[in-house]
Amino acid sequence: MSFDDRALEIPESLPMLPVRDIVVFPYMILPLYVGRESSIRAVEEALAKNRLIFLASQKEITEENPSENTIFRTGTIAMIMRMRKLSDGRVKILIQGVSKGHIKKFNKSEPNFEVAIEKIEETPLTASSEFEAMIRNAKEHLEKIIALGRMLSPDILLVLDDVTDPGRLADLIASNLGLKVSDAQKVLETFDPKARLLMVNELLANELEVLQMQARIRSQAKDEMSKSQREYFLREQMRAIKNELGENDSKTEEMEELRERIVKAAMPEHVQLEVLKQLARLERMHPDASEASMVRTYLDWMVDLPWSKKTTDSLDLNRAKKILDEDHYDLQKAKDRVLEFLAVRKLKDNTMKGPILCFVGPPGVGKTSLGKSIARSMGREYFRIALGGVKDEAEIRGHRRTYVGAMPGKIVQALKQVKTNNPVMVLDEIDKLGSDFRGDPSAAMLEVLDPEQNHSFRDNYLNVDFDLSNVLFIATANVYENVPPALRDRMETIHISGYTDSDKLLIARAHLVSRQIEANGVTPEQISFADDGLSYLITHYTREAGLRNLEREIGSLCRKVAKRFVFGHIEPIVINALTVPELLGPPRFLKEERLKENQVGISTGLAWTQAGGEVLYVEALKMRGKGGLILTGQLGDVMKESARAAWSYARAHYEELGIDEDFFDMYEVHIHLPAGAIPKDGPSAGVTMATALISLMTDVPIRRDIAMTGEVTLSGRVLPVGGIREKALAAMTHGVTNIILPIANQKDISDIPEEFKKKLNFVFVENLDEVLSMAFDKKAAKPKPKDKPLKKPKAPAAAA
């Protein structure tokens with residue numbers, strides 16, 4: 001159908017159809033889908049009259065029921081060329097724009113819009129070179145736009161060749177360009193053909209610039225990716241567009257936030273340079289790249305480490321001493337060392353490096369908890385690293401970032417967790433470090449615990465130096481000999497002895513009882529502990545240097561009392577020496593009975609164990625035989641050698657000692673140490689075995705009120721041994737008050753508390769003669785009976 005808009009008679013009022021997301025221009029032919037009830041009525045009304053309808057665009061696309069104020073006043077008079085009803089109730093119409101029009105007023109809005117319109121006539125223009133240039137410019141722009149891939153009608157260029165009217169050309173281009181409603185409406189409302197064509201030229205130029213930029217972005221993105229990575233291509237396009245528009249995307253914001261955190265971390269200059277270098281790498285990577293997550297994790301570790309954060313030490317020595325005494329009984333050497341450190345820090349400001357201490361002692365004496373107490377007294381953070389069973393060097397020094405799942409070592413992890421670079425770090429059970437094919441972690445610890453090196457500790461994961469010199473390292477160990485010598489050399493060792501029975505009684509009364517009463521739900525009114533009950537519990541139910549088993553047994557007593565009260569018991573229960581066996585059963589450990597009289601060949605020795613000091617009896621017995629020495633009682637090599645040295649000494653000095661010359665040929669000697677199931681070793685029983693042996697050979701009794709310890713040499717010298725404090729306290733507990741010690745151990749007496757020192761008599765000796773003169777009860781020596789000569793066997797009869 002074709003018609004001439006000038007010959008077509010336009011009535012003064014027409015039904016109006018509000019259209020969304022499009023502006024209809026004159027001469028434009030397009031299909032429209034009509035779904036709103038009021039719009040369908042408007043179409044039906046137009047078809048019933050002259051098929052003419054007024055099309056005006058909505059200002060808001062989302063508005064379902066537009067009002068007079070939300071519809072543009074300028075629109076297009078159109079002819080409905082075809083109409084078809086669809087199955088879903090909508091109507092499809094084909095319309096052609098006839099002429100521009102302006103709404104003078106709204107005649108009605110229900111049930112459909114009807115408006116009074118005014119047709120807009122355009123002023124005819126005479127051809128000029130300016131118009132020709134503008135027309136050509138518009139056509140050239142359009143050709144370039146199509147060449148850059150913009151999807152337009154393929155016939156538009158052919159149609160434009162036949163159009164010479166500037167206004168109509170502008171309308172035709174605007175209708176095919178797919179402009180925004182606001183831009184297209186501006187073109188429609190520009191009635192001057194010259195101004196309209198100029199506006200369209202500007203729109204074409206903008207569109208061409210955007211398309212050229214898009215082509216450039218596409219070209220850049222294709223260079224950075226493979227053809228198969230479609231998702232990557234789309235993301236790069238989006239990023240490049242936002243960069244051109246000056247809009248920061250989320251990745252850029254994330255990088256800026258990370259950069260700020262790096263600056264705030266106050267890293268050393270060389271560290272910051274490395275971190276910024278890795279940040280630059282991350283910015284160039286795609287977020288979904290596998291390496292990007294690895295670099296991001298590394299940067300997170302770096303910014304979270306306390307490069308410059310530290311806690312201020314509490315330098316109030318009185319307060320620190322009070323806290324240390326509250327938390328632990330005795331342990332004076334360790335406490336003094338911490339107070340000394342704080343005193344030096346107070347005098348020397350903050351330039352002093354943290355000491356590296358090693359607490360060595362039996363289990364349960366409070367080595368680990370002392371570290372926590374030290375941290376509290378200094379006002380520092382506390383962290384414990386369990387080294388028992390660690391066999392991989394990377395556990396200490398970290399993994400290299402090239403490995404999947406790589407992470408820093410335990411030292412760096414601890415620093416991140418405490419958020420300060422001067423915590424108290426307890427390296428628990430350092431004597432139990434292992435080694436295998438993955439390396440030796442004790443070798444890695446050499447750098448950590450060396451004050452001359454740990455200011456530049458390099459974790460394999462971080463790959464930069466970290467200053468550990470402010471950390472107060474406290475290592476703990478049970479067996480000092482198991483710590484590698486190179487590691488021992490780097491630490492200041494403080495030996496922590498086991499607690500005596502009286503110490504345990506004080507600690508139990510002050511700490512353990514109240515803690516277990518609270519933990520097991522009973523009250524002090526329901527249960528109370530008498531001193532004799534605690535003493536009985538300590539001596540007959542525990543055998544340890546520490547307090548773990550004692551606390552466990554106290555807890556067991558509290559639970560048994562709690563059970564009684566739940567079953568209806570009313571009276572309070574007092575834990576004394578009689579009620580302990582009643583609740584816990586028969587005693588588990590019985591004390592070695594003290595000798596009732598002085599005996600020949602039985603001497604009292606002193607031994608050191610992990611659980612503290614022990615009294616050890618050495619028994620010697622002679623038997624008719626061909627000479628020789630028998631040793632029993634699960635003796636170690638060192639102890640066997642000590643017995644043979646004593647035998648050799650006696651044999652070499654038999655005349656001075658008063659031993660019969662024939663003794664070594666006529667008698668076989670058996671030395672036994674009771675408690676045969678328990679392995680025994682060490683040189684400290686040398687004098688004890690020598691005394692028992694010579695007593696047997698000379699038939700002189702040994703005083704039962706004397707205990708002894710010391711290593712003996714072939715020349716009879718008595719050499720120093722260890723564990724003097726524990727051995728002396730064990731002797732006192734056993735009722736032995738006279739102790740023979742090597743003269744070189746005189747210095748160790750200072751470790752024994754004054755209250756116990758007053759009850760003991762120490763005799764210091766240099767050689768075995770002094771030991772024998774002190775230990776033998778010569779008054780009780782019996783006269784030597786004459787030994788009957790051994791019968792010689794008869795010679796066999798000669799063969800006949």
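Predicted model: local features only at pLDDT ≥ 70, side-chain atom pairs only at ≥ 80, totals over all residues.

1. Gln-185, setting aside residues up to four places away in sequence, touches Val-23, Ser-57, Phe-72 and Thr-74. The residue belongs to helix α5, which covers residues 181–189.

2. The overall dimensions deserve attention. The chain has a radius of gyration of 51 Å, whereas a compact globule of 800 residues would have one near 28 Å. Along the principal axes, the C-alpha trace spans about 165 × 80 × 65 Å. In secondary structure, the chain contains 28 helices and 24 strands.

3. On burial and surface, 46% of the 800 residues count as buried. The accessible surface amounts to about 41,400 Å², and carbon and sulfur atoms contribute 50% of that area. Among contacts in the chain with a separation of 6 or more, 72% are between residues 24 or more positions apart.

4. Regarding charge, there are 111 positive and 118 negative side chains in the chain. The centres of these two sets lie 5 Å apart.

5. How many disulfides does the model contain? The count comes to zero, the criterion being a pair of cysteine sulfur atoms within 2.5 Å. Cys-358 has a relative accessibility of 0% and so counts as buried. Cys-558 is likewise buried, its relative accessible area being 0%.

6. Leu-462 is placed in the loop between β10 (457–458) and β11 (465–466). Apart from neighbours within four places in sequence, Leu-462 is in contact with Tyr-298, Met-302, Leu-305, Arg-401 and Val-412. By contrast, Lys-322 stands 140 residues from Leu-462 along the chain, and the C-alpha atoms of the two are separated by 40 Å.

7. Phe-565 is found in helix α20, residues 548–566. With a relative accessibility of 16%, Phe-565 falls under the 20% limit and so counts as buried. Its contacts, leaving aside neighbours within four places in sequence, are with Gln-526, Ile-570, Glu-571, Pro-572 and Ile-573.

8. Gly-613 lies in strand β17, which comprises residues 612–624. The relative accessible area of Gly-613 is 22%, so the residue is classed as partly exposed, a class that lies between the 20% and 50% limits. Not counting residues up to four places away in sequence, Gly-613 touches Ala-607, Glu-726, Lys-727 and Ala-730. Gly-613 and His-670 are 57 residues apart in sequence, with a C-alpha to C-alpha distance of 26 Å.

9. Most residues other than glycine have a negative phi, and most peptide bonds are trans. Against that background, Tyr-27 has a positive phi, near 70 degrees. Tyr-27 sits in the loop between β1 (13–19) and β2 (29–34). Its relative accessible area is 35%, and Tyr-27 is therefore partly exposed.

10. Ala-266 also has a positive phi, in this case near 50 degrees. The residue lies in the loop between α8 (250–264) and α9 (269–284). Why is Ala-266 classed as partly exposed? The reason is its relative accessibility of 41%, which lies between the limits of 20% and 50%.

11. Which two residues are joined by a cis peptide bond? The bond is between Glu-110 and Pro-111, with omega about -5 degrees. Pro-111 is located in the loop between β5 (91–108) and β6 (114–119).

How values were computed. Residues numbered from 1 in each chain as written. Heavy atoms only, no water. Buried < 20%, exposed > 50% of the residue type's maximum accessible area, 1.4 Å probe, protein only. Helix = DSSP H or I, 4+ residues; strand = E, 2+ residues; numbered from the N terminus. Rg over C-alpha atoms; globule rule 2.2 N^0.38 Å. Contact = heavy atoms within 4.5 Å. Areas by Shrake-Rupley, 256 points an atom, 1.4 Å probe, with all protein chains shown as cover. Lys, Arg positive; Asp, Glu negative; His and termini not counted. Charge placed at Lys NZ, Arg CZ, Asp CG, Glu CD.
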